Structure formats: structure tokens, C-alpha cells
Amino acid sequence: MRYWMANMVFFQWARGLDVSVITALVTAIAGFTGLLYSQWHSKTRDIAEGHRENKIKVYNIYFDIVQFYLDLAENPSSDNPKTLGEQKEKIKELNRG
């Protein structure tokens with residue numbers, strides 16, 4: 001009920017304004033909305049760029065692990081304990097992110 005009353009008061013007030021004032025208000029509101037959207041978009045892009053280096057590092061570790069096990073599947077007799085230990089460390093690092 002209050003919302004409806006507030007709308008009625010606003011529209012009655014807006015009807016009493018000059019057309020040029022209404023045009024200026026609409027333009028200002030549209031400009032302010034555009035400014036808020038562009039700031040939000042810029043901030044979102046900055047956050048995504050900040051995580052990019054970490055993502056690349058994690059993906060490289062993941063692909064190293066996958067490549068190791070693919071190579072091991074092709075040649076199972078070459079399982080070096082040192083290499084397996086290195087892979088365990090890479091998996092731990094991958095889990096940490």
C-alpha cells in the first residue's frame with residue numbers, strides 16, 4: 001500500500017515538472033546507471049585478470065601430471081621412484097591451488 005502511495009505521489013510530482021526538466025532527469029539517471037555498470041564491469045575484469053596468473057600455474061601443474069601418467073601408461077617399465085615422488089609433490093601443490 002505504501003509503495004503504491006509513494007508511486008502516486010512521485011507521478012503527480014513528475015507531471016507538474018517542465019518537459020525539459022524531465023528530459024534532463026532521465027538523461028542524468030541513464031548516465032549514472034551507465035557509469036555504475038561500467039565501473040562494475042571494470043572491477044569484475046580486474047579481478048579476473050588478477051586470478052589469471054594463478055590459473056595458468058595450476059593448469060600447467062595439472063597438464064604436467066597428466067602428461068606424466070600418459071607417458072607412464074605408454075612405457076610402464078620406466079617408473080622411477082624419484083619421478084613418482086615429484087608427481088606426489090605436484091599433486092599436493094595442485095590441491096593447494
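Helix α2 bends by about 35° at R52, the bend being the angle between axes fitted to the seven residues ending there and the seven starting there. This is a predicted model, in which local features need pLDDT of at least 70 and side-chain atom pairs count only at pLDDT 80 or more, while totals for chains, interfaces and linings use all residues. Residues are numbered from 1 along each chain as its sequence is written, and side-chain values use heavy atoms, leaving out hydrogens and water.

**Helix α2**
- Spanning residues 19–74, α2 has 56 residues and reaches 78 Å from its first C-alpha to its last, close to the 82 Å expected at 1.5 Å a residue; the expected span is 1.5 Å times one less than the number of residues.
- Helices here are DSSP runs (H or I, at least four residues), numbered from the N terminus.
- I61, I65, F68 and L72 of α2 are buried (buried is under 20% relative accessible area, exposed over 50%, partly exposed in between, with a 1.4 Å probe and protein chains only).

- The whole structure has 3 aromatic pairs (ring centres of Phe, Tyr and Trp, its six-membered ring, within 6.5 Å; planes under 30 degrees apart are stacked, over 60 edge-to-face, the rest tilted).
- One of them joins Y37 and W40 in a tilted arrangement, 5.7 Å centre to centre with 40° between the planes.
- Both residues lie in α2, 3 residues apart, about one turn of the helix.
- Y37 is exposed at 52% relative accessible area, and W40 is exposed at 53%.

**Salt bridges**
- You will find 3 salt bridges in the structure (a side-chain nitrogen of Lys or Arg within 4 Å of a carboxyl oxygen of Asp or Glu).
- K57 pairs with E93, their closest N and O atoms 3.7 Å apart; this links distant parts of the chain, from α2 to helix α3 (residues 81–96), 36 residues apart.
- D64 pairs with K90, again with closest N and O atoms 3.7 Å apart, joining α2 and α3 across 26 residues.
- K92 and E89 form a salt bridge with closest N and O atoms 3.9 Å apart, and both lie in α3.

**Nonpolar surface patch**
- F10, F11, W13, V21, L25 and I29 form a nonpolar patch with about 610 Å² of accessible area together (residues over 30% relative accessible area without a salt bridge, nonpolar side chains Val, Leu, Ile, Met, Phe, Trp and Tyr joined within 5 Å, like charges within 9 Å; areas by Shrake-Rupley with a 1.4 Å probe).
- The elements giving two or more residues to the patch are α1 (2–15) and α2.
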